[in-house]
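Open the model in a viewer and keep the sequence panel beside it. The stops below can be selected one after another.

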Amino acid sequence: METLKHHIIVAGIGPGSPEYMVPAARKAIEGAKYLVGGRRALSQYAKASGGQQTCAVTRDIDGVMAFVREGLAKADVVVMVSGDPGYFSLLDALRRTFDARCIDVIPGISSFQLAFSRLALPWHDAQLLSFHGRVPKESDLAYAPGRKLGMLTDVQHNSKTIAETLLAHGWPENAFYAICARLSYEDETVERMTLGEAAKHDPVGSCIIVVEEKAS
Ligand SMILES: C[S@@+](CC[C@H](N)C(=O)[O-])C[C@H]1O[C@@H](n2cnc3c(N)ncnc32)[C@H](O)[C@@H]1O
């Protein structure tokens, strides 16, 4: 574990639109000498005028950690992650590499929060799962009366395959099913249907799925 003089600032940038980024994250990003983020975030927020070193996050996580380490020798390093850093982000890898006392986290609005907001649905009783590059364990998918799920998806594990999976795990065909895509952007869509309809609907990937037994 490496303890360092400068800090890593992990800034949640929210679901996408700058309107949904908290001001503290914006301030950290604007003042960053070393800035890390996905290609889309960098094209949105990196300074065009120079004076800032950037690193795009790719599958080469060791390369990203090396950039962070080199930057930290000179200044704080700001790492942009989508949504909130606490739910499936680069924060995990950063904590495995650097001392947590050198990491400051600025929370962001998670795509889950915005999806549940769009549906005017409380999520204190929801179970949050991720199908983003993984499959939740069987027991988390099983139907039980009154269960409410929020799910991250990817292109492979999409709205259709997840509906089929839930039906196979005993969820009723008439369960409420919402597909929330491109949240916060101008082309945002929130489609409400039943689980049975979702299994026949064109697949939507990289979205938030909300499912619950009772109609919302
Ligand atoms: C690596 S996870 C990051 C989750 C993030 N930490 C959060 O709190 O929202 C990426 C997944 O988040 C979801 N997601 C992120 N932004 C989204 C948006 N604007 N609209 C819908 N889903 C989004 C998708 O399921 C996507 O595949």
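Predicted model: local features only at pLDDT ≥ 70, side-chain atom pairs only at ≥ 80, totals over all residues.

**Stop 1**

Eight residues from domain 1 and eight residues from domain 2 make up the contact. On the domain 1 side of that contact, four residues are nonpolar, three are polar and one is charged.

**Stop 1: the parallel sheet**

Select β1 to β5. They form an open sheet of five strands in the order β3-β2-β4-β1-β5, with parallel pairing. Which strands stand at the edges? These are β3 and β5 (103-106); each has a single partner strand, so one side of each is left without a neighbour in the sheet. Between neighbouring strands here the turn is 20° on average, direction ignored.

Now go through the pairs:

- β1 (residues 8-12) and β4 (residues 77-81) run parallel and are joined by five bridges. V10 is found opposite V79 in β4.
- β2 (residues 34-37) and β3 (residues 53-56) run parallel too, joined by four bridges. Here L35 is opposite T54 in β3.

Show the side chains of β2. Y34 and V36 point one way from the strand, L35 and G37 point the other way, and all are buried.

Helix α3 (residues 61-72) lies across β1, β2, β3 and β4 and runs at about 160° to β2.

**Stop 2: the mixed sheet**

Move on to β6 to β10. This open sheet of five strands has the order β6-β7-β10-β8-β9, and its pairing is mixed. β6 (127-130) and β9 (189-194) are at the edges with a single partner strand each, so one side of each is left without a neighbour in the sheet. Neighbouring strands are turned against each other by 20° on average, direction ignored.

Zoom in on β8 and β10. How do these strands run, parallel or antiparallel? They run antiparallel, and six bridges join them. In this pair C180 is opposite I208 in β10. Helix α7 (residues 159-168) packs on the sheet and touches β7, β8 and β10, with its direction at about 25° to that of β10.

**Stop 3: helix α5**

Select residues 111-118. This is helix α5, which lies across β6, β7 (148-152), β8, β9 and β10 and runs at about 55° to β10. Why is α5 described as largely enclosed by the rest of the structure? Six of its eight residues are buried. Show S111, F112, Q113, L114, A115 and F116 to see the buried residues of α5. They pack against β6, β7, β8 and β10. Just after the helix, A120 takes a positive phi of about 50°.

**Stop 4: Y177**

Centre the view on Y177, in strand β8. Is Y177 buried or exposed? It counts as buried because 27 C-beta neighbours lie inside 10 Å, against a threshold of 20 or more. Apart from neighbours within four places in sequence, Y177 is in contact with A163, M193, T194, L195, A198 and V211. Draw a distance from the C-alpha atom of Y177 to that of E213: the two residues are 36 residues apart along the chain, and the separation is 8.8 Å.

Note on methods:
Residues numbered from 1 in each chain as written. Helix = DSSP H or I, 4+ residues; strand = E, 2+ residues; numbered from the N terminus. Buried ≥ 20, exposed ≤ 12 C-beta atoms within 10 Å, placed from the backbone. Contact = placed C-beta atoms within 7 Å. Nonpolar A, V, L, I, M, F, W, Y, C, P; charged D, E, K, R; others polar. Pairing = 2+ DSSP bridges. Axes fitted to C-alpha atoms, helices over the stretch in contact; angles between N-to-C directions.
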